[in-house]
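Dear colleague,

I am passing on the structure below, and I would be glad if you could look through it with the notes that follow.

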Number of protein chains: 2
Amino acid sequence: MTGSVDLAPLVAALPAACVIVDPDQMGGYRWDRANDPYAGMPLAVVRATSTRDVQEAVRFAAAHRIAVVPRGAGSGLSGGSSAVDGCLVISTERMRAITVDPASRTAVVEPGLFNAEVKAAAAEHGLWYPPDPSSFEFCSIGGNVATNAGGLCCVKYGVTSDYVLGLTVVLADGTAVELGGPRLKDVAGLSLTKLFIGSEGTLGIITRVVLRLIPAQRPRATLVATFASLDDATRTVLDVTRRMRPSMLEFMDRTSINAVEDLTRMGLDRSAEAMLVIQSDEPAPHAAAEIGQIADICQANHAAEVFSTDDQETGEAFTVARRMAIPAVEKQGSLLLEDVGVPVPELGTLVRGIAAISVAREVTIAVIAHAGDGNTHPLIVFDPMDADQSARAHRAYAEVMELAMALGGTITGEHGVGRLKKAWLPDYLGPDALELNRRIKNALDPLGILNPGAIF
Amino acid sequence: MTGSVDLAPLVAALPAACVIVDPDQMGGYRWDRANDPYAGMPLAVVRATSTRDVQEAVRFAAAHRIAVVPRGAGSGLSGGSSAVDGCLVISTERMRAITVDPASRTAVVEPGLFNAEVKAAAAEHGLWYPPDPSSFEFCSIGGNVATNAGGLCCVKYGVTSDYVLGLTVVLADGTAVELGGPRLKDVAGLSLTKLFIGSEGTLGIITRVVLRLIPAQRPRATLVATFASLDDATRTVLDVTRRMRPSMLEFMDRTSINAVEDLTRMGLDRSAEAMLVIQSDEPAPHAAAEIGQIADICQANHAAEVFSTDDQETGEAFTVARRMAIPAVEKQGSLLLEDVGVPVPELGTLVRGIAAISVAREVTIAVIAHAGDGNTHPLIVFDPMDADQSARAHRAYAEVMELAMALGGTITGEHGVGRLKKAWLPDYLGPDALELNRRIKNALDPLGILNPGAIF
């Protein structure tokens, strides 16, 4: 069917060089970082330069009932931007404008700008955009909104949704609708801005984002503690979060500690079952005092080693160690990058269960976690050339999600369902919530052209 | 039509004494605090005791195509709970259970519990539920969620939506669906929890809320400053919010200052154009230091008087003065309580424009505001026995909303659209966003039985 579509009217309706049809050039637009083996070949890629371009492309797709796959920076981890055969990929990578208004503490941003670039533009005015997915240097703000991305600061500062005041969204029929705006409180009408956040391109395409900014973060004091026992580490997380609000509370298990130590030789305790990296951004000197209280909590929970500093560079080195965990584990093979979350008290049980899955399936699984939120990233290592090991890795991937669900957890805390996790969504949501999801989807995209195969 | 409905099956399906049909008894369920003159007479009031009761009532209503008006504590200010003729009022006032889990920092709450009771239950575990509408002692958590209520702490701690992790909602066909849960990060499926927050009973009836709690708030340091010039006060708000995060930043205009002074004789400066009440809950002694910095900003902006204290009781007295503004102004007559918001830099222009409306319409309008959020509450005073003055007051009410919209603001920052403001919603949203709201409403409530006349 797609072979018969005449793209000439679309090409004519868009600025020069917006439409790519060369298969080699389109190759770079077929996958995100989930490396979905089922990614299809697009009919064309539209590299939009404006909301109007996106509208033209969606109208064309709607008229021809062609699937539309929206795409930001392609850094997604759940296959939310995998191309499907014969689709129109609409990339927002060229839409990169930003205007910061320091007086109203807001920024109006086009979706293609990287998260780090938003942070940098805010910082020029002494302001801060907190959400900090690990990919912040190469993920786009549009993708962050589409997946409701999280990060390391969420434990104190919340997720993307908490900073989005308004959106422009192109709907399935090509209408561009403005929702919300630079008003810090606004309850007029249904909460539609929130509905589109995390909708992974299945309800509309985000072409403009109004963000709330806050004053710059203060310097951080940092603590690193290792624990011989996982349970002691979990108790520490609970004891800390109940009493205070650290600005970062990260966890690494023994496998990830060793992977980072292999790479960095920074002297991490290879025998520890768990390592916590915790920061406080309270006003100095209270940051150091709070880190001192946290050190006491670690000691009371039998920490093996506790190191703390209010030196920014030393603290940053430990944050880098944590951020290096994924590339370090990736040295051992290809990764299935998980994203399950549990209520915080279940953290230890989840990590122990994952270790059992690792043994049973004979695959390495390293666990890092945004521990204060109960959001974990098990990293399942496998050799894609080894069919048997690949199958075991995928089985482990499923079992990790099933374990999280059994513990009252979620199949995805911050990456999204995309295409990789949709098979587990019905079990997770149950039939009534799933039906409600479908009803909203059908109401907004009756032809089903928006990112088909993602979430649903 | 309603006269012919046989309530016996409904009465039989519910626990004893759930259904009220006596007109006198139903009188207390016809109005919320908006005193909507068009409130109708219900067919019956269902005082539900459980999700199941709500389901029974909604199923009965759906079968007979009877309107359902959900009701929490009846403290709403926009007529969201005005009864309509022949409706079934479903009151959640008897659903008051709460379970706090300090380990996961969450609470599971039934909708009828008052906001203050949620705070108190959390406080027993050293935890805090921040949202604090001025009505916190007599508004219910269900109503808070249904309107996405705000309050005084929002400037630092956000609104109700920021603390809701999950909901049980009874849909228009009587299905009870569980959305979200005690997981601090969860992006599996569409953001439906968020969609129901602020939906004012038009999409479903909330019967259970999972709340996120945080560690107890620290003691506050407080500053009160008066300004001869409104512009100086606005500049102070901008200068403060750009640099730091006060836990409260409230504004009173000359009319409200004088109303409070009439009542309290606490020595407020009657000649001031503006008064700011600002708190810091940073760790001591930084709270006092931050208040000191704010005092400097006030002085730099030509404050007439600046008073600051880190004594809790003295600080509380000033907060009480601010909280007393509404009852103080109410001494002068009936109130139309407005809720418009603007981008913060427009605050002074809005307040000045409201003063002009007050003069033109010859009605007193006092303005108080959650200044750090740009969310204002103009209080329009009138004598309901004076038809001409009432008409002028209502004209002023409309003009205040139109002024806010002209300044890029919203018609409601935290009270909701309800029935009183729905006439302005189309202008505010514009046709495309309004149509999108309607599409969601129709998808979830095809018979249109849920709170008809509210929002839409």
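The largest cavity in this predicted model is lined from chain A by Arg105(A), Leu213(A), Ile214(A), Pro215(A), and from chain B by Val155(B), Thr241(B), Met244(B), Arg245(B) and Pro246(B). A cavity here is a set of points, on a 1 Å grid over the protein atoms alone, where a 1.4 Å probe fits but cannot get out, and lining residues are those with an atom within 4 Å of a point. The structure holds one cavity of 30 Å³ or more, and the volume of the largest cavity is about 50 Å³, where grid points are joined across faces, edges and corners and a volume is the space filled by probe spheres set on the points. By class, its lining has six nonpolar, one polar and two charged residues; Ala, Val, Leu, Ile, Met, Phe, Trp, Tyr, Cys and Pro count as nonpolar, Asp, Glu, Lys and Arg as charged, and the others, Gly among them, as polar.

As to conventions, residues are numbered from 1 along each chain as its sequence is written, while chains are lettered from A and ligands numbered from 1 in the order in which they are written. Because the model is predicted, local features need pLDDT of at least 70 and side-chain atom pairs count only at pLDDT 80 or more, whereas totals for chains, interfaces and linings use all residues, and side-chain values use heavy atoms, with hydrogens and water left out.

Turning to the interface, 86 residues of chain A are in contact (heavy atoms within 4.5 Å) with 86 residues of chain B. The area buried between the two chains, that is, the accessible area (1.4 Å probe) lost on putting them together and summed over both, is about 6400 Å², with carbon and sulfur atoms giving 61% of it. In chain A, the residues that lose the most area to chain B are Lys185(A), Val187(A) and Leu190(A), which together make up 14% of what that side buries.

Lys185(A) also forms a salt bridge with Asp373(B), where the closest N and O atoms are 3.8 Å apart; the term requires a side-chain nitrogen of Lys or Arg within 4 Å of a carboxyl oxygen of Asp or Glu. Between chain A and chain B the count is six salt bridges, and over all chains it comes to 42. The side of chain A that touches chain B takes its largest share, twelve residues, from α15(A), helices (H or I, at least four residues) and strands (E, at least two) being DSSP runs numbered from the N terminus. By class, that side has 40 nonpolar, 27 polar and 19 charged residues.

Within chain A, Arg322(A) forms a salt bridge with Glu250(A), with the closest N and O atoms 2.6 Å apart. This pair links distant parts of the chain, since Arg322(A) is in helix α11 (residues 312-323) and Glu250(A) in strand β13 (residues 248-253), 72 residues apart.

Finally, some backbone details: most residues other than glycine have a negative phi, and most peptide bonds are trans. A cis peptide bond joins Ala284(A) and Pro285(A), with omega about 5 degrees, and Pro285(A) is placed in the loop between β14 (274-280) and α10 (286-300) of chain A. In chain B, a cis peptide bond joins Ala284(B) and Pro285(B), again with omega about 5 degrees.

With best wishes

Methods
1 Å grid on protein atoms, 1.4 Å probe; cavity = no way out; pocket = protein on both sides within 12 Å on 5 of 7 lines; lining within 4 Å.
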